[in-house]
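Welcome! Please keep the sequence and the 3D view open as you read.

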Amino acid sequence: SAWNGSGVNFVRGANTSVSQKGLDGRNILSWGRTSGSALAVTYTWYYPATGLVAEVDTIFNKRFNWSWSPYSASACVNNNTYDVQNILTHELGHWMGLNDTYTSSYVNNTMYGYGAVGEIKKDTLTVGDTLGLDVIYP
């Protein structure tokens, strides 16, 4: 719900057993393996002629411990896990065309490229996140 009002509507589709990225006509959120120590990776394919997005897949790294804190929570349910919603909100930013930021001045932004155990601050957007969307979706 953090991205509501961005001009993009997310609609939940049917469950799938697919756990690997692939240009297969399905946009997925799944648990699987990612390269290196990435918590999650979003893969985007484009139509070469138009530059429009053809498909997006996000794979969450199942090698890490995960939990889900309610959106209204003031702290992570488990300080020894990564919060799914925290990372999911970040990854959905990629679905809408936003890139990671790595500058320390953006450490509190949802699109900051690193996550930490017990972190839930990416559940809500900062002004920087919404301004990025305003550039893409005027």
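Contact here means heavy atoms within 4.5 Å. By that rule, and not counting residues up to four places away in sequence, D57 touches K21, G22, R26, N27, I28, V41, T42, Y43 and W45. Two notes on reading what follows: this is a predicted model, in which local features need pLDDT of at least 70 and side-chain atom pairs count only at pLDDT 80 or more, while totals for chains, interfaces and linings use all residues. Residues are numbered from 1 along each chain as its sequence is written, and side-chain values use heavy atoms, with hydrogens and water left out.

- D57 is found in strand β3; helices (H or I, at least four residues) and strands (E, at least two) are DSSP runs, numbered from the N terminus.
- D57 counts as buried because its relative accessibility is 0%; buried means under 20% relative accessible area, exposed over 50%, and partly exposed in between (1.4 Å probe, protein chains only).
- The C-alpha atoms of D57 and S19 are separated by 9.5 Å, although these residues are 38 residues apart along the chain.
- K21 belongs to the segment before β1, and its relative accessible area of 45% makes K21 partly exposed.
- Leaving aside neighbours within four places in sequence, K21 is in contact with Y43, W45, D57 and I59.
- K21 and I59 are 38 residues apart along the chain, with their C-alpha atoms separated by 7.2 Å.

**Strands and their pairing**

- Strands β1 and β3 pair in the parallel sense over 5 bridges; two strands pair if DSSP finds at least two bridges between them.
- Strand β1 (residues 28–32) has a covered face of I28, S30 and G32, and an uncovered one of L29 and W31.
- Strand β2 (residues 40–46) runs antiparallel to β3, joined to it by 7 bridges, and T42 has T58 as its bridge partner in β3.
- The hairpin of β2 and β3 has 6 residues between the strands, and G51 takes a positive phi near 80 degrees there.

**The largest nonpolar core**

- The largest nonpolar core has 16 residues, of which W3, F60, W66 and I87 touch the most other members; such a core is a set of buried Ala, Val, Leu, Ile, Met, Phe, Trp, Tyr and Cys residues joined through side-chain atoms within 4.5 Å.
- Both β3 (53–61) and α1 (84–95) supply at least two residues of this core, and α1 gives the most, with 5 residues.
- Not counting residues up to four places away in sequence, F60 touches a set of residues including L29, W31, L39, W66, V84, I87 and L88.

**Salt bridges**

- Side chains of opposite charge can pair when their charged atoms come close.
- The whole structure holds 2 salt bridges; a salt bridge is a side-chain nitrogen of Lys or Arg within 4 Å of a carboxyl oxygen of Asp or Glu.
- Another joins the side chains of E119 and K122 (2.9 Å, N to O), and both E119 and K122 are buried.
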